[in-house]
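The following note sets out points for a colleague who wishes to check the architecture against the coordinates. Each point treats one part of the fold.

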Amino acid sequence: MSADIPREKKGKYKSLGKILLAKGLLTESQLEQALEEQKYTGSLLGRILIKLGFISEERVLKALGIQSGMEFVSLKNIKIPKAVIQKVPPSIAKIYKILPVRFENSILTIAICDPLNVNIPDDLRFMLGTSLKCVTANEDDILAAISEYYGQSGESISELLDEIENKMPSVDTEEEESVTDMVVLQELASQPPVVKLLNLILLQAIKDRASDIHFEPFEKKYMIRYRVDGILYDITHPPKNLALAISSRIKVMSNLDIAERRLPQDGRIAISVEGKNVDIRVSTLPTVFGESVVMRILDKDVVSLSLDEVGMPAPWLKQLRHTITKPNGIILGTGPTGCGKTTTLYACLKEINKIDYKIITTEDPVEYDIAGIIQVPIRPKINLNFATCLRHILRQDPDIIMVGEIRDAETLQIAIQASLTGHLVFSSLHTNDAPGAITRLLNMGAEPFLITSTVELIIAQRLVRVICQNCKEKYKPDLKMIEEFSLTDDQAENMEFYKGKGCKACNKSGYKGRTGIFEFLQITESLKPLIIERAQTSAIREAARKEGFRTLREEGIRIAEQGLTTIEEVVRESQHYI
């Protein structure tokens, strides 16, 4: 180790900032500015220094290498033998963003881009079964090298399952309930084939744009399914006796109690795959035949948090942008779970997230981290519910508030009071359509005059699958579908409809991606008397139609005629009002 490396007392290396100061790569004022920003953003100091343009990524990595005792290597000047590349499977290289660079004296040297992540070397030793030496390298160089050396190569899940069956101990279904020893469970979770299998499942799920991964135990089988574009697809059936090892590995990754299998648990995993930061929410649920585990993948590259990309028609988008700039009022998103309403609310917040405003959200749970917005998770176990949280948020001097969901009368009353005292409030409700939200608010105890004084806009939403552009073709819907839309034969003849034939690009489904269909109900002066009179939902809907309101079904027909989706999708996601 070089003699000029600065150390703290007791042999500990100095902080990153002090190392850079000691080497003359940073000034005191630059460090102070970066530390000040770190207080507000919580970002890593090295990333802040690079973003501010004070220092290059290579110099930060060299300093981090000094801090952690690792040397820095430039991958651009190294030619790695094929035999060395084969020491690390493609899925591991892509999940961990690492690259094998040499193998000498039974020691494998691995280039990593995060030298302070002590879990990476430990995980790799387990998975690769060899002695390791870690060096640091530029992240972009590692990703480029992974692409160069591994390309599109990958491992087969079936091959990994064979390896698991042949090389690791399994636990019979009858024995699962009695296994509570932490050492045994840790050993099962740390078996290299299991770690590789889960990494490969995650990698494939993210590549396929899956929103969820389901691990499901049944009496005679263990299923793994992906949800892509709202539909579940069967992926593979590992042997039933490997369920405990797989669920234990997931618990280790999400810092859950590995020995607790009688109670549901919730956790979180943050990983980086091929240069993308992905957040994963984990939920476990004890069932008759073992633990069911669901991993919700929150990938910002798949879910756009931009209003321009949610699929809203231009006139409504213009109206929405005008509404969210108002100083006070309530904007509601409605629809069932998984319809995209939270994403639309996030996109609204991101649009108005300026330095001038203080924005606070309370969510169950926080799905996406947005810089500059204070986000508070609900914690039912300590009685921190939406109403309690909202009450305390109002004492934090916010300008804009988002309540994840209005579930009870107390939360509703506080949201109304917040709007009346000069706050812009965003929230969601579980109703079938936008006019139905008015009835729901009345049933929850809100006075009609308070609804008309505070609620500005109600948006109902559904997600429909988009036809794959690679295999799109015209077709004539069957008579049943035409009747479902109340179309005459002449109308149907003059309209063109499309579907996806099914190809490799869309995994033979005929669809790729999803878009929103919306109901857009502005609380206008003509609607307010009906709300005061507690008119029925149908009366509010018909009055809104006269001002241009379109139902989800009508909006669905419009985009189906444009060739964006199929009428089968529209029928599946919307209902017809006579």
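1. In this predicted model, an open sheet of mixed pairing is built from 7 strands in the order 12-11-13-14-10-15-18. Strands (E, at least two residues) and helices (H or I, at least four residues) are DSSP runs numbered from the N terminus, and two strands are taken to pair if DSSP finds at least two bridges between them. Strand 12 (374-377) and strand 18 (511-522) are the edge strands, each pairing on one side only. Direction ignored, neighbouring strands of this sheet are turned against each other by 20° on average.

2. Within this sheet, strand 13 (residues 400-403) and strand 14 (residues 424-429) run parallel and are joined by 4 bridges. I400 has L424 of strand 14 opposite. Helix 16 (residues 386-393) packs on the sheet and touches strand 11 (359-363), strand 12 and strand 13; contact here means heavy atoms within 4.5 Å. The direction of helix 16 makes about 165° with that of strand 11. Axes are lines fitted to C-alpha atoms, for helices over the stretch in contact, and angles run from 0 to 180 degrees between N-to-C directions.

3. On conventions: residues are numbered from 1 along each chain as its sequence is written, and side-chain values use heavy atoms, with hydrogens and water left out. As the model is predicted, local features need pLDDT of at least 70 and side-chain atom pairs count only at pLDDT 80 or more, whereas totals for chains, interfaces and linings use all residues.

4. A further open sheet consists of 3 strands in the order 1-2-3, again with mixed pairing. Strand 1 (98-104) and strand 3 (131-136) each have a single partner strand, so one side of each is left without a neighbour in the sheet. From one strand to the next, the twist averages 30°. Helix 8 (residues 139-150) packs on this sheet, where it touches strand 1 and strand 2, and its direction makes about 70° with that of strand 1.

5. Strand 1 and strand 2 run antiparallel and are joined by 6 bridges; here F103 stands opposite L108 of strand 2. Strand 2 (residues 107-112) pairs with strand 3 in the parallel sense, over 6 bridges. In that pairing A111 has V135 of strand 3 as its bridge partner, and I110 stands opposite C134 of strand 3. Strand 2 is largely enclosed by the rest of the structure, because 5 of its 6 residues are buried. Buried means under 20% relative accessible area, exposed over 50%, and partly exposed in between (1.4 Å probe, protein chains only).

6. Which residue takes a positive phi in the hairpin of strand 1 and strand 2? It is N105, with phi near 55°, in a hairpin that has 2 residues between the strands. N105 is not a glycine, and its relative accessible area of 75% makes it exposed.

7. Is K97 buried or exposed? At 8% relative accessibility, K97 counts as buried. Its side chain makes a polar contact (2.7 Å) with the side chain of E139. A polar contact is a pair of N or O atoms within 3.5 Å; within protein, one must be able to donate a hydrogen and the other to accept it, and residues adjacent in sequence count only if both atoms are side-chain atoms.

8. Helix 13 (residues 243-253) is mostly covered, with 10 of its 11 residues buried. Among them are L244, I246, R249, I250, K251 and M253. N255, which follows helix 13, has a positive phi near 55°.

9. Helix 18 (residues 434-443) and helix 23 have axes that come within 9 Å and cross at roughly 140°. The two helices are therefore oblique to each other, given that angles under 35 degrees count as roughly parallel, over 145 as roughly antiparallel, 65 to 115 as roughly perpendicular and the rest as oblique. P435, G436, I438 and T439 of helix 18 make the contact with T537, I540 and R541 of helix 23.

10. R534 is found in the loop between helix 22 (528-532) and helix 23 (537-545). Although R534 is not a glycine, its phi is positive, at about 55°. With 48% relative accessibility, R534 counts as partly exposed.
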